[in-house]
Every structure is written in structure tokens, then in C-alpha cells.
Amino acid sequence: MMDLASLLEIEGVLAALRFLDDGTLLDAVGEIDELHSALAAELCHANGRIMHQGSDVLTNLSGVPGWPPRGWVMIGNELSVCTIANVVCFVNNRAASFNETLHRLSELESQ
């Protein structure tokens, strides 16, 4: 069984965290302090809620069900945030494999 710290084994992953359904930080590992972890959990929770609202609109406009987002990625110039459900990774763009990161996030989320 994988734990949150196992995400740090992926090249380029700098930090990871897990939050509850209300955005409260549950656990954090890696190069992120407690204050920034809590703020990141709130940010990721809020962005996830926005994604769900957008998926509802897309379903209504398209008439095609099945758009609930499992996660999202925000890509910056050097760093990116990858999220599936309530598990988040912060990655260095130049070093990380996004495919591997998202695959491992998906495995961890399903446990």
C-alpha cells in the first residue's frame, strides 16, 4: 500500500499533501511548511469545487453525462500543481513526468 511519502520518490515531486472534504489539511510531506500546506489544501479544495461546478455546466451544455472531474493540473513556468481527489503534488516542471505523477496520484487516491 502506498502512502503520501511514496509520491516523493517520483523524480521532480517536491511536496505532497492530502486534505479532507472541507479543505482541512490532513497530512503533508516534502519541501513545504505547515502554514503553506494548510493554505495549499484550502486552495486545492476551492479549485476542485470550481472544477465540479464547471463540469456541471459542461454536462448541461453538452447533454452528455459523465464529466465529473477526478482532478486537475495547474501548470506554471517552473512549478505545477497536480491533484486527483484530495491528494496533491507540487512538481518541478523540468524534472517531473506528469504521466507518472498522475498515475501514482490516481493509485494513491483509490486506496
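What follows is a short exchange about the predicted model shown above.

Colleague: What radius of gyration does the protein chain have?
Modeller: The C-alpha trace spans about 40 × 30 × 25 Å along its principal axes. The radius is taken over C-alpha atoms, and the globule rule is 2.2 Å times the number of residues to the power 0.38. For 111 residues, a compact globule would come near 13 Å; the protein chain agrees with that, at 14 Å.

Colleague: What share of the residues is buried?
Modeller: Buried means under 20% relative accessible area, exposed over 50%, and partly exposed in between, with a 1.4 Å probe and protein chains only. Of the 111 residues in the protein chain, the buried share is 35%.

Colleague: How far does helix α1 reach from its first C-alpha to its last?
Modeller: Helix α1 covers residues 34-62, which is 29 residues. The expected span is 1.5 Å times one less than the number of residues. That gives 42 Å expected, and α1 is close to it at 41 Å.

Colleague: What flanks α1 at its start and just after it?
Modeller: At the start, a side-chain oxygen of Asp-33 comes within 3.2 Å of the backbone nitrogen of Leu-35. Just after α1, a positive phi of about 75° is taken by Gly-63.

Colleague: Which strands do the buried residues of α1 pack against?
Modeller: The buried residues of α1 include Ala-40, Ala-41, Cys-44 and His-45. Contact means heavy atoms within 4.5 Å. The packing partners are β1, β2 (25-30), β3 (71-75), β4 and β5.

Colleague: Is Ser-55 buried or exposed?
Modeller: Ser-55 lies in helix α1. Beyond its neighbours within four places in sequence, Ser-55 is in contact with Trp-67, Pro-68 and Pro-69. Its relative accessibility is 7%, so Ser-55 counts as buried.

Colleague: What is the relative accessible area of Thr-59?
Modeller: Thr-59 also has its place in helix α1. Not counting residues up to four places away in sequence, Thr-59 touches Val-64, Pro-65 and Trp-67. Thr-59 is partly exposed, with a value of 23%.

Colleague: What distance separates the C-alpha atoms of Asn-47 and Arg-70?
Modeller: Asn-47 lies in helix α1. Leaving aside neighbours within four places in sequence, Asn-47 is in contact with Trp-72 and Met-74. Arg-70 is 23 residues from Asn-47 along the chain, and the C-alpha separation is 12 Å.

Colleague: Where do the buried residues of α2 sit around the axis, and what do they pack against?
Modeller: Thr-101, Arg-104, Leu-105 and Leu-108 are buried in α2. They cover an arc of only 105° around the axis, so they are on the same side of α2. The arc is that of the directions from the helix axis to the C-beta atoms. The buried residues of α2 pack against β1 (13-19), β4 (79-84) and β5 (87-92).

Notes
Residues are numbered from 1 along each chain as its sequence is written. This is a predicted model: local features need pLDDT of at least 70, side-chain atom pairs count only at pLDDT 80 or more; totals for chains, interfaces and linings use all residues. Side-chain values use heavy atoms; hydrogens and water are left out. Helices (H or I, at least four residues) and strands (E, at least two) are DSSP runs, numbered from the N terminus. A polar contact is a pair of N or O atoms within 3.5 Å; within protein, one must be able to donate a hydrogen and the other to accept it, and residues adjacent in sequence count only if both atoms are side-chain atoms.
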